[in-house]
Amino acid sequence: MTITHAPATPATGASAALPTEAPDHERVLITRGARSGLTIIVAVHSTRLGQALGGARLWHYGQWTDALADALRLSQAMTMKNAAAGLARGGGKSVIAIPAGTKLDAAATHDAMLDLGDAIESLGGAYMTAEDVGTSAELMAVVHERTEHVCGLPPEQGGVGEPADATAAGVHASILATLGEVFGSNDPAGRHFVIVGLGQVGGRLARSLAAAGARLTVTDVAEGKRALADELGAAWVDPAEAHLVEADVFVPCGLGGVLTPEVVRDLRVAAVVGAANNQLASRDVAALMQERGIVWAPDFVVNAGGVIYLDVASVPGADQAALDARIEGIGDTVASVLRSARADGTTTLEAAERLARTRLDAGR
Ligand SMILES: NC(=O)c1ccc[n+]([C@@H]2O[C@H](COP(=O)([O-])OP(=O)(O)OC[C@H]3O[C@@H](n4cnc5c(N)ncnc54)[C@H](O)[C@@H]3O)[C@@H](O)[C@H]2O)c1
């Protein structure tokens with residue numbers, strides 16, 4: 001697998017409010033990195049199904065409490081994702097908070113990764129990390145200098161590399177399943193997709209959908225991605241207007257929070273299926289989509305290919321065919337979530353959460 005993911009260049013400080021209700025996390029470690037001086041948070045939401053697995057985010061935050069809020073929210077989401085994916089894995093996440101206005105050079109980033117490794121090691125195996133926004137396979141190799149509880153190292157260092165191929169394959173399978181539920185045929189040929197974000201996952205998806213004969217409209221905040229649009233014969237739209245394009249499926253593959261009430265009111269598609277994490281700006285957006293008759297395939301089910309890959313491929317002697325079948329199976333899970341929401345008159349979010357909770361309860 002090619003290692004292409006350079007650490008992201010954070011432009012703005014992320015901000016999220018701390019929840020007012022008490023967290024239901026098993027453990028949350030907040031520590032100051034001895035080498036880097038940075039605030040490091042490791043949130044272990046649940047180990048009910050097994051060791052918690054979730055990525056390490058290296059990102060700018062206005063205040064350290066914003067990073068804490070992010071870690072609490074993201075680790076909880078990992079519990080749902082791993083359970084819905086049928087993994088014997090709990091949910092966790094780590095966040096390294098870069099203060100707004102600070103730029104980390106390579107040496108400081110290296111120090112931060114060593115500090116993260118120490119923090120993870122102190123949890124005695126409750127949590128395993130991997131790459132996420134702002135980190136990479138190469139940086140996971142640095143974490144590995146301090147702990148065994150890390151996966152997704154570069155293949156040349158004996159790791160399984162980055163999971164974007166698997167994530168994209170899972171999203172593709174989810175799109176086919178959703179087409180089947182919405183249109184009665186899962187053939188993407190001639191269907192019109194709007195892909196927002198042509199990064200690691202969105203770029204691969206654009207290629208696989210184009211190869212399957214789909215019509216594409218694409219966008220990215222990075223102008224350089226126009227080259228891929230041209231190569232694939234895809235139409236280009238301004239990022240601010242992507243949600244206004246009349247099409248069959250809207251495919252969010254950029255950052256989270258893209259589905260606001262305003263965006264959903266303007267959408268002119270039959271379905272939304274994409275890789276982006278935490279697509280809903282707020283919970284009520286799921287009901288809004290249901291009211292508008294737009295079928296939303298829940299993100300934490302759709303984008304589980306990466307975590308399935310990291311979990312399955314990291315086991316020595318992993319069988320490629322079995323792994324492919326697991327990732328392909330994400331489509332079946334999506335179809336069953338959409339059917340169960342339709343049968344019960346609930347949102348697809350509630351149906352996916354129900355599936356995850358059933359698996360969590362079975363693991364008690
Ligand atoms: N990489 C994985 O295996 C994986 C796994 C699970 C979930 N995800 C999620 O999928 C999404 C994409 O991941 P990725 O690895 O492809 O990231 P990436 O950083 O490689 O690509 C994201 C792309 O989206 C673009 N973008 C960001 N904001 C945008 C906006 N407002 N409008 C248009 N384009 C925008 C960026 O310029 C970039 O090209 C993220 O939300 C990530 O959390 C990724």
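## The shell around the ligand

Here Ala, Val, Leu, Ile, Met, Phe, Trp, Tyr, Cys and Pro count as nonpolar, Asp, Glu, Lys and Arg as charged, and the others, Gly among them, as polar. By that scheme, the shell around the ligand in this predicted model holds 13 nonpolar, 11 polar and 2 charged residues.

In total, 26 residues surround the ligand, and the closest are T167, G197, G199, G254 and G306. Two elements, α4 and α5 (200–211), each give two or more residues to this shell. Of the elements, α5 gives the most, with 3 residues.

Strand β7 (residues 192–196) pairs with β8 in the parallel sense, over 5 bridges, and I195 stands opposite V218 in β8. Together with α5, these two strands make a right-handed β-α-β unit. From β8, the chain then crosses through helix α6 (residues 226–232) to β9, again as a right-handed β-α-β crossover.

How do β8 and strand β9 (residues 235–236) pair? They run in the parallel sense, over 2 bridges, and A235 in β9 is the bridge partner of T217. Strand β8 (residues 215–219) has 4 of its 5 residues buried, so it is largely enclosed by the rest of the structure.

## A buried helix

Helix α10 (residues 305–313) is also largely enclosed by the rest of the structure, because 8 of its 9 residues are buried. Those buried residues are G305, G306, V307, I308, Y309, L310, D311 and A313. What covers them includes β3 (52–53), α1 (64–84), α4 (164–183), α11 (320–328) and α12 (330–344). G306, buried in α10, is also one of the closest residues to the ligand.

Notes. Residues are numbered from 1 along each chain as its sequence is written. This is a predicted model: local features need pLDDT of at least 70, side-chain atom pairs count only at pLDDT 80 or more; totals for chains, interfaces and linings use all residues. A residue is buried if 20 or more other C-beta atoms lie within 10 Å of its own, exposed if 12 or fewer, and partly exposed in between; C-beta atoms are placed from the backbone. Two residues are in contact if their C-beta atoms, placed from the backbone, lie within 7 Å. A residue is near a molecule or strand if its C-beta atom, placed from the backbone, lies within 6 Å of it. Two strands pair if DSSP finds at least two bridges between them. A crossover is right-handed if, with the strands pointing away from the viewer, the path from the first strand over the helix to the second runs clockwise.
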